[in-house]
Amino acid sequence: MRDRLGVRDARRAQEFGGFVAGAAGRLLHTATLLTAEAPDANPRARRLLTRALAHTYAHWDHPPGEDPYDRARGHLATHYARAAWHRSRPYGPLAALSPRERLVLVLRLYEGLADEQTAALLGLPAERVRALCDRATATVLHPPSGAVARVGGPLLRRLQP
């Protein structure tokens, strides 16, 4: 019995290790965009990613067939939405956005989720997601005076995968 459990645990750890090797970079970038930290100084994004990966590992076998990337991304988004990641002053081109606008913009443009998927993940109507995305896009393309940085099309192109 112990041998079977050991083999199963080793297989599970190996599968999860492969998942992390392939997905951690993109998930970290997503978390960094959400927290609006500098890419080279992103402790909150790293904590957010660690929690999402721990959650994904804890649910690795449940339910079978579920995409682990979707689970990790969903945990990133919902934990960010519930947490107070916006308490400190954000940095970078997305700093002018509210946390909810930043979340919607990252999920829609960087992660490529449809309005309906984003709405379901966040528990919002699809029309609200579209409005938030439109407002966030307008803010990034035409930042208010005194915004952190003048950005535009290049940022949106960097957000898109």
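This is a predicted model: local features need pLDDT of at least 70, side-chain atom pairs count only at pLDDT 80 or more; totals for chains, interfaces and linings use all residues.
Glu 111 is buried, with a relative accessible area of 8%. Buried here means under 20% relative accessible area, exposed means over 50%, and partly exposed covers the range in between (1.4 Å probe, protein chains only). Residues are numbered from 1 along each chain as its sequence is written, and side-chain values use heavy atoms, leaving out hydrogens and water.

Which residue does Glu 111 join in a salt bridge? The partner is Arg 73, with the closest N and O atoms 3.0 Å apart. This pair connects distant parts of the chain: Glu 111 is in the loop between α4 (99–110) and α5 (115–122), Arg 73 is in helix α3, and 38 residues separate them. A salt bridge is counted when a side-chain nitrogen of Lys or Arg is within 4 Å of a carboxyl oxygen of Asp or Glu. Side chains of opposite charge can pair when their charged atoms come close.

Arg 73 also forms a salt bridge with Asp 70, where the closest N and O atoms are 2.6 Å apart. These two residues both belong to helix α3 (residues 68–82), and they sit 3 residues apart, about one turn of the helix. Is each of them buried or partly exposed? Arg 73 counts as buried because its relative accessibility is 10%, whereas Asp 70, at 38%, counts as partly exposed.

Now step back to the whole chain. How many helices and strands does the chain have? There are 7 helices and 0 strands, so reading along the sequence gives the pattern α-α-α-α-α-α-α. Helices (H or I, at least four residues) and strands (E, at least two) are DSSP runs, numbered from the N terminus. Of the 161 residues, 43% count as buried. Take the contacts (heavy atoms within 4.5 Å) between residues at least 6 apart in sequence: 60% of them join residues at least 24 apart.

Back to charges: the count of salt bridges comes to 13. One of them brings together the side chains of Glu 37 and Arg 44, at 3.1 Å from N to O, and both of these residues are buried. Elsewhere, salt bridges link Arg 108, Asp 115, Glu 116, Glu 127 and Arg 130 into a network.

Next, look at the rings. The count of aromatic pairs comes to 4. Among them is the edge-to-face pair of Phe 16 and Trp 60, with 5.3 Å from centre to centre and 90° between the planes. Phe 16 lies in helix α1 (residues 2–35) and Trp 60 in the loop between α2 (43–58) and α3, so the pair ties together parts that are 44 residues apart in sequence. Trp 60 also pairs with Phe 19, this time tilted, at 5.6 Å centre to centre and 50° between the planes. Here too distant parts are linked, as Phe 19 in helix α1 and Trp 60 in its loop are 41 residues apart. Rings of Phe, Tyr and Trp (its six-membered ring) pair if their centres lie within 6.5 Å; planes under 30 degrees apart count as stacked, over 60 as edge-to-face, and the rest as tilted.

Phe 16, Phe 19, Tyr 57 and Trp 60 form one aromatic cluster. Arg 12 lies over the face of Tyr 57, 4.4 Å from the ring centre. The rule asks for NZ of Lys or CZ of Arg within 6 Å of the ring centre and within 35 degrees of the ring normal.

Beyond its neighbours within four places in sequence, Leu 27 is in contact with residues including Phe 19, Leu 53 and Arg 73.

Finally, visit Ala 36, in the loop between α1 and α2. Ala 36 has a positive phi of about 55° although it is not a glycine. Most residues other than glycine have a negative phi. Ala 36 is buried, too, with a relative accessible area of 4%.
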